[in-house]
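Visitor: I'd like to learn how to read a model like this one, feature by feature. Could you walk me through it?

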Amino acid sequence: MKPTQTKPSIVFCHGIWADGSCFNKVIPTLQAEGYEVLAAQYGLDSQATDVAATKRTLGRVSSPAILVGHSYGGAVITAAGTDDRVVGLVYISAVAPDAGESVQSQLDKYPTPIFGHIKVADGRVWMLPEGVKDFAGDLPEQEQKVVWATHFAPDADLFNQKVDGTAWKSKPSWFIVAENDRTVHPDLERFLAKRMGATTVEVKSSHVPMLSQPQLVIDVIRKAAKASQEATAAA
Amino acid sequence: MAISQVPISTDSFTHKVTAPAWKTKPTWYMVATADRSINPDQERMMAKRANAKTVEVNASHVAYMSHSKETAKLIEEAATSAHVNR
């Protein structure tokens with residue numbers, strides 16, 4: 001048996017109406033276990049610039065790395081994940097386009113209540129205050145209000161854009177399906193998880209399991225990291 | 001915090017402001033006396049120049065996290081003194 005390889009780094013990719021700090025409940029435990037962690041921060045101005053920011057972030061951690069994407073962050077890791085430094089993908093209630101698909105074309109097939117509570121202004125898509133119930137409805141009310149107060153509005157064209165790269169076709173993938181998701185439809189998540197052949201876990205959660213069920217999210221990331229570590233050791 | 005930092009563009013710090021809002025709007029300022037990111041003396045100078053209502057807290061650069069109550073109090077003070085016409 002070969003000596004165990006070092007732990008992979010963990011790089012987080014946030015969705016819309018969020019930033020890298022949405023992973024604050026899962027980061028401390030992973031750090032305590034010795035993982036190098038960095039959350040990418042990007043402007044939600046275009047998919048190309050968000051993917052570029054993620055690749056810059058990959059340059060600031062040791063390789064290999066696991067990419068973890070929440071929601072729209074799933075589109076980001078799908079593109080950025082083809083990078084040689086990436087050895088695994090974790091999707092959290094995320095989208096995962098195939099070549100030629102846009103995020104919008106996926107969402108259109110599985111409509112959800114949240115999109116009845118948005119407002120496009122100044123070229124960005126804002127969540128209306130009552131929309132947070134369809135985004136993070138299982139969090140305590142005070143926490144929901146903070147989620148709304150810090151929601152980061154994406155460019156209105158973001159979901160129509162397409163970027164190159166379909167990492168889930170070549171990298172091992174994990175998928176957390178949020179059963180009570182009212183933002184990305186659970187059936188869309190199940191379809192995507194199956195299509196990519198992901199190791200899938202279902203959780204009774206709203207769209208934000210990293211906030212409502214952080215222990216489960218930590219557990220899945222840990223499993224993905226261990227699997228990649230064993231694969232590297234066996235190679 | 002260290003890991004969810006937003007990298008800034010190098011231009012952000014060289015860009016010049018043309019019309020500083022503190023010249024025309026009422027201003028409050030929290031000086032962090034143990035700040036190692038912005039020099040506290042620089043903060044005091046800017047607070048004075050802006051004629052700001054100023055409080056000092058014995059805090060690092062992230063006073064809003066280490067001294068959240070004092071920060072909320074200062075913001076509430078600003079919010080209650082501002083003239084709101086609706």
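Guide: Let's start with a term we'll need: two residues are in contact if their C-beta atoms, placed from the backbone, lie within 7 Å. And keep in mind that this is a predicted model.

Visitor: Fine. Leaving aside neighbours within four places in sequence, which residues is A:Ile221 in contact with?

Guide: A:Ile221 has A:Ile10, A:Leu30, A:Ile66, A:Val68 and A:Val90 as its contacts, once neighbours within four places in sequence are left aside. A:Ile221 also belongs to the largest nonpolar core, a set of 70 residues. The residues with the most contacts inside that core are A:Ile10, A:Ile66, A:Leu67, A:Val68, A:Val90, A:Tyr91 and A:Ile221.

Visitor: Which strand gives the largest share of this core?

Guide: That's strand 4 of chain A, residues 86–92, with six residues. Another core lies apart from this one: it has seven residues, including B:Met30, B:Ala32, B:Ala47 and B:Ala59.

Visitor: Let's step back to whole chains. What does the radius of gyration say about chain A?

Guide: The idea is to compare it with what a compact globule would have. For 235 residues that would be near 18 Å, and chain A has 17 Å, so the two agree. Along the principal axes, the C-alpha atoms of chain A fill a box of roughly 55 × 40 × 30 Å. Buried residues make up 47% of the chain. Now look at contacts between residues at least 6 apart in sequence: in chain A, 68% of them join residues at least 24 apart. The secondary structure of chain A comes to nine helices and eight strands.

Visitor: And how many helices and strands does chain B have?

Guide: Three helices and two strands, running β-α-β-α-α from the N terminus on. The C-alpha box for chain B is roughly 40 × 35 × 30 Å along the principal axes. Of the 86 residues in chain B, 9% count as buried. Among contacts in chain B with a separation of 6 or more, 55% come from residues 24 or more positions apart.

Visitor: Next, helix packing. How do I read a pair of helices?

Guide: Two packed helices are described by the angle between their axes and the distance between the axes. Here, take helix 2 (residues 47–58) and helix 3 (residues 73–80) of chain A: they pack at about 65°, with axes 9 Å apart. Their crossing is right-handed.

Visitor: Which residues make the contact?

Guide: From helix 2 of chain A, A:Gln47, A:Asp50, A:Val51, A:Thr54 and A:Lys55; from helix 3 of chain A, A:Ala75, A:Val76, A:Ala79 and A:Ala80. By type, the residues of this contact divide into five nonpolar, two polar and two charged.

Visitor: Is helix 3 of chain A mostly covered or mostly open?

Guide: Mostly covered: eight of its eight residues are buried. The run goes from glycines A:Gly73 and A:Gly74 through residues such as A:Ile77 and A:Thr78 to A:Ala80. What covers the buried residues of helix 3 includes strand 1 (9–13), helix 2, strand 3 (65–70), strand 4 and helix 4 (103–109) of chain A.

Visitor: Why does A:Ser71 count as buried?

Guide: Because 27 other C-beta atoms lie within 10 Å of A:Ser71, and the cut-off for buried is 20 or more. B:Asn51 also has a positive phi, near 55°, and is found in the loop between helix 1 (40–49) and strand 2 (53–57) of chain B. B:Asn51 counts as exposed, with 12 C-beta neighbours inside 10 Å.

Key
Residues are numbered from 1 along each chain as its sequence is written. Chains are lettered from A and ligands numbered from 1 in the order in which they are written. This is a predicted model: local features need pLDDT of at least 70, side-chain atom pairs count only at pLDDT 80 or more; totals for chains, interfaces and linings use all residues. A nonpolar core is a set of buried Ala, Val, Leu, Ile, Met, Phe, Trp, Tyr and Cys residues joined through C-beta atoms within 7 Å. Helices (H or I, at least four residues) and strands (E, at least two) are DSSP runs, numbered from the N terminus. The radius of gyration is taken over C-alpha atoms; the globule rule is 2.2 Å times the number of residues to the power 0.38. Axes are lines fitted to C-alpha atoms, for helices over the stretch in contact, and angles run from 0 to 180 degrees between N-to-C directions. A crossing is left-handed if the near helix is turned anticlockwise from the far one by less than a right angle, and right-handed if clockwise. Ala, Val, Leu, Ile, Met, Phe, Trp, Tyr, Cys and Pro count as nonpolar, Asp, Glu, Lys and Arg as charged, and the others, Gly among them, as polar.
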